[in-house]
Structures are given as structure tokens and as C-alpha cells.
Amino acid sequence: MYVNLLRCCRCTTTFSDAGMKSLFVFYSKTVISLKQHVYAVCIRRSHALSRLQFFQHTGGKLVNAGRQSSSAAAGAEKGEDSFFKWFLTLIPVATFGLGTWQVKRRQWKLELIDDLRRLTTAEPVALPTDPHELNTLEYRRVKVRGRYDHSRELYIMPRSPVDPEREAREAGSLSSSGEIGANVITPFHCVDLGITILVNRGYVPRQKMKPETRMKGQVDGEVEVVGIVRQTENRKPFVPNNDTQNNRWHYRDLDAMAQITGAEPIFIDADFASTIPGGPIGGQTRVTLRNEHMQYIMTWYGLCAATSYMWYAKFVKKIKI
């Protein structure tokens, strides 16, 4: 369920004096333009009606076409004002509805983030081998025991290290830490299950990508690894295709990775506790979702308040805007 929700997921507005003035000008031009259009239509209809009635008789006398034309024009103008009065209420009503919708969306997003945090901090379970069961376990912690095959490492790049505290500090900043490297994907033979899976051991800087530069982290023997189940991902727009010949991967393609390494299309992100001194830094699972709904709420409710005031000033207080 959470996987489907995640796949579906993917400025604060301040009303300064200049912004309000621009909004009033736009609102005024829109009202004037619509009024002129509708008024012209009404006048044409009234003139056509007067010409038609010119040839009609009531009680043997010709109808006064000029008087009826003036009366029709006055009625048309009054009807046109009433039409605009109620038509323009759609703007504050629509923006209020959008703001309320964003309130509900924000609550949904907060609940989803809490669910993800619970999943990624729950006690690990044994890794199932049934593909159907695995499809429902994304972001679930699992535990495996086995040996790494360092001779068939894959590299997903470019990547920056996951650091939630730093990312929170730099949120909204144009600057970045400048740390660029890769995630090291290593085949892992599970001794208890008798299969080989793919493990994202974690982040290494660019100068440490070659295994010979981090020999202390190339652990031998059996180790226990706790990780988070991940599924394959589709290539996003503007992301390059994977270069399998040069071992440069830009997104997780489990089928292609499994074919290259001879492993099963099962992928886990090793947690930070699985980090080995001198080796890749684990815990590279990003579980933070974008939550900008409060900014959208302020934007839509702010527009609702501004357009409501302009409607009041135009049609109740009769102030020219």
C-alpha cells in the first residue's frame, strides 16, 4: 500500500503592497473586459429586438421603438452587473476550496511520513524469497547473513551522502556541500537462503570508488547485514541511461543488475549500523518526502482573502478598483 502511495507522490506567497496593487490591477482589467464583452452582446440583442418590434402593432398603434430600446439597454446593463457580481464570487470560492484541499493533502502526507519512519525503524524480519511477498515489503527492514563478492561491484552515481540533519539545515539554500561520489552495490550470497542478492553497502566519495583505495572496508568472511528492501525504479526525465559496459549506473534497474552480476533481482540498502570501518557508509535510504503543502495552503487562502476583499469593495462598498 505504501509503495503505491509513494509512487503517486511525487513558495510561500506573501502579499506585499506591490503584490496587492498588481492583483487589484489584474482583477480590475478582468472585470472591465468581461463587462464590455457582455454589455456589447446585450446591446446588440436589444437593438435587434427593437427593430423587430418596430413592425409590430399594439391596439392599432406602432410601438415606440426608441423607448423600448432604451428600456432594454438599461435592463441589460442591470442584468450584466448582477451577472458579474455572482460570477466573480467563483474566484474566492475556488481558492478557498483549493486551500481546504491542501489542508487534507498535508495531513495525508504527514501520516505517510510517519508510516515510513515506523517501517524503517521497526525490528528487522527474515528476508523472504517469494517475489510477491517482496513486492509488499518496500522500506521494510530485513536481516540476512552471508558473504560479499567484491569482484562484481556496481556503482550508482552521481550520489551525495544522505545526511538528514545537514539537509534540514540547507533546506531552501542554493549552496550544497559539494560532496559527490557513488553508492557501491555488491552481490551478497545469503548462506541461510542459498541465493545471491544485491546489497547497497553505501556511499563512497569519488576518489574512493576503486576497491583498491579502500581495502580495509572489503570485508571477508560471513557478516550479518540489516537493510531496507528497495524495488526497481523507472528512469526519470533527464536522467541518463545506465551505462552497463562501463559500470556506471544512474538508477536502480534490478533486472539488468541481476543479469550482470548473476544475482537475484532482490535489492536492499544496508543500514548505517552495517558500516564497516574503511568501507562504504551505510544508511543511504532517503525516506524524507517533500512536504510543501503549508506553503500551498497559505497561497490559496491568501488569494481567497484578497479576492474576497476586492469583491466586497467592488459590489458592496462600490469602490472603483
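R117 is exposed in this predicted model, with a relative accessible area of 52%. The residue belongs to helix α4, which spans residues 90-121. Its C-alpha atom is separated by 7.4 Å from that of V287, although R117 and V287 are 170 residues apart along the chain. The notes below cover the overall fold, the salt bridges and the backbone.

**Overall composition**
- Eight helices and nine strands make up the secondary structure of the protein.
- The protein has 321 residues, and 38% of them count as buried.

- Side chains of opposite charge can pair when their charged atoms come close.
- The count for this protein is nine salt bridges.
- One of them joins the side chains of R118 and D115, with an N to O distance of 2.1 Å.
- Both R118 and D115 sit in helix α4, where they are three residues apart, or about one turn of the helix.
- R118 counts as exposed because its relative accessibility is 51% and the cut-off for exposed is over 50%.
- D115 counts as buried because its relative accessibility is 17%, and buried means under 20%.

**Salt bridge between E222 and R145**
- A salt bridge also forms between the side chains of E222 and R145, at 3.4 Å from N to O.
- This pair links distant parts of the chain, since E222 is in the loop between β7 (195-205) and β8 (223-230), R145 is in strand β4 (residues 141-148), and the two are 77 residues apart.
- E222 is partly exposed, with a relative accessible area of 36%.
- R145 likewise counts as partly exposed, at 36% relative accessibility.

**Salt bridge between E233 and R252**
- The side chains of E233 and R252 meet in a salt bridge with an N to O distance of 4.0 Å.
- E233 and R252 each lie in the loop between β8 and α7 (254-261), so their pairing ties together parts that are 19 residues apart in sequence.
- E233 counts as partly exposed because its relative accessibility is 22%, whereas buried requires a value under 20%.
- R252 counts as buried, at 10% relative accessibility.

**Salt-bridge network**
- Which residues are linked in a network of salt bridges? They are E138, R230 and D269.

- F238 has a phi near 75°, a positive value in a residue other than glycine.
- F238 lies in the loop between β8 and α7.
- F238 counts as exposed because its relative accessibility is 85%.
- N247 has a positive phi too, of about 55°, and is not a glycine.
- The loop between β8 and α7 also holds N247.
- Is N247 buried or exposed? At 18% relative accessibility, N247 counts as buried, because the cut-off is under 20%.

**Cis peptide bond**
- M157 and P158 are joined by a cis peptide bond, with omega at about -5°.
- P158 is placed in strand β5, which covers residues 154-159.

Note on methods: Residues numbered from 1 in each chain as written. Predicted model: local features only at pLDDT ≥ 70, side-chain atom pairs only at ≥ 80, totals over all residues. Heavy atoms only, no water. Helix = DSSP H or I, 4+ residues; strand = E, 2+ residues; numbered from the N terminus. Buried < 20%, exposed > 50% of the residue type's maximum accessible area, 1.4 Å probe, protein only.
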